[in-house]
Amino acid sequence: TAYVQSVGNISTDISHSSVTREQVESNIVRCPDPEKAREMITRIEQVRKQGDTIGGVVKCVIKGCPTGLGEPVFDKFHAVLGMAMLGINAVKGFEYGCGFDGCEKLGSELNDPFDVTDGKVITRTNNSGGIQGGITNGQEIYCSVAFKPVATIMQEQDSIDSDNQNVKVMGRGRHDPCVLPRAVPIVEAMAALVTADFLLQQRTVRI
């Protein structure tokens, strides 16, 4: 399940674990937080009227993924997932687990201690985003995908023509002021394809 986590500087801190598809599809901006969704819609409308565009972040969570998918060196699960997400148009950044926020923590704060619950090995926390050493550990896999503002804007911009002469250009026609809502199902599809590929690989590998 994917959803719009932020548009510009408007962001929701809703827990990705609790988000449902019904919440995501309850509004046109595909943000599961009703209050923040209204703010995002208002901001996008403002930007559209200015002839400008705005970017943001889509968050995605993969639930129920089995342990053991991925490789420790080549074809790490998160590396392949990142490659897929970075292949989407307008994507400028990818992080999984605690991502860049983890750089501010100590190892003792960031590590996910192992435990046994009902005979099953789990981690008490999930800072690693369900992937350790490139291999899934059975916890929820979550990642964030950053989308830039659309390059085509309805304002004059400086450019050059085919003769290398300075000119003014301006977008025409119908262009989205924000691609985030449309990107949600694309992020979901990429996550599903990557996971399906690893599941098929696991079925064919025998030692």
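Colleague: What should I know before I start?
Modeller: The model is predicted, so local features need pLDDT of at least 70 and side-chain atom pairs count only at pLDDT 80 or more, while totals for chains, interfaces and linings use all residues. Residues are numbered from 1 along each chain as its sequence is written, and side-chain values use heavy atoms, with hydrogens and water left out.

Colleague: How many residues has helix α5, and how far does α5 reach?
Modeller: Helices are DSSP runs of H or I with at least four residues, strands are runs of E with at least two, and both are numbered from the N terminus. The expected span is 1.5 Å times one less than the number of residues. Helix α5 (residues 180-204) has 25 residues and reaches 37 Å from first to last C-alpha, close to the 36 Å expected.

Colleague: In what order do the strands of the open sheet lie?
Modeller: Strands of a sheet pair through backbone hydrogen bonds, either parallel or antiparallel. Two strands count as paired if DSSP finds at least two bridges between them. Here 5 strands run β2-β1-β3-β9-β4, with antiparallel pairing. β2 (10-11) and β4 (91-96) stand at the edges with a single partner strand each, so one side of each has no neighbour in the sheet. Between β1 and β3 there are 5 bridges. V7 stands opposite G56 in β3.

Colleague: How do α3 and α5 pack?
Modeller: Two packed helices are described by the angle between their axes and the distance between the axes. Axes are lines fitted to C-alpha atoms, for helices over the stretch in contact, and angles run from 0 to 180 degrees between N-to-C directions. For α3 and α5 the angle is about 145 degrees, and the axes are 9 Å apart. Contact means heavy atoms within 4.5 Å. Residues of α3 including F77 and L81 meet residues of α5, among them V187 and A191.

Colleague: Is F147 buried or exposed?
Modeller: Buried means under 20% relative accessible area, exposed over 50%, partly exposed in between (1.4 Å probe, protein chains only). F147, at 5%, counts as buried. F147 lies in β9.
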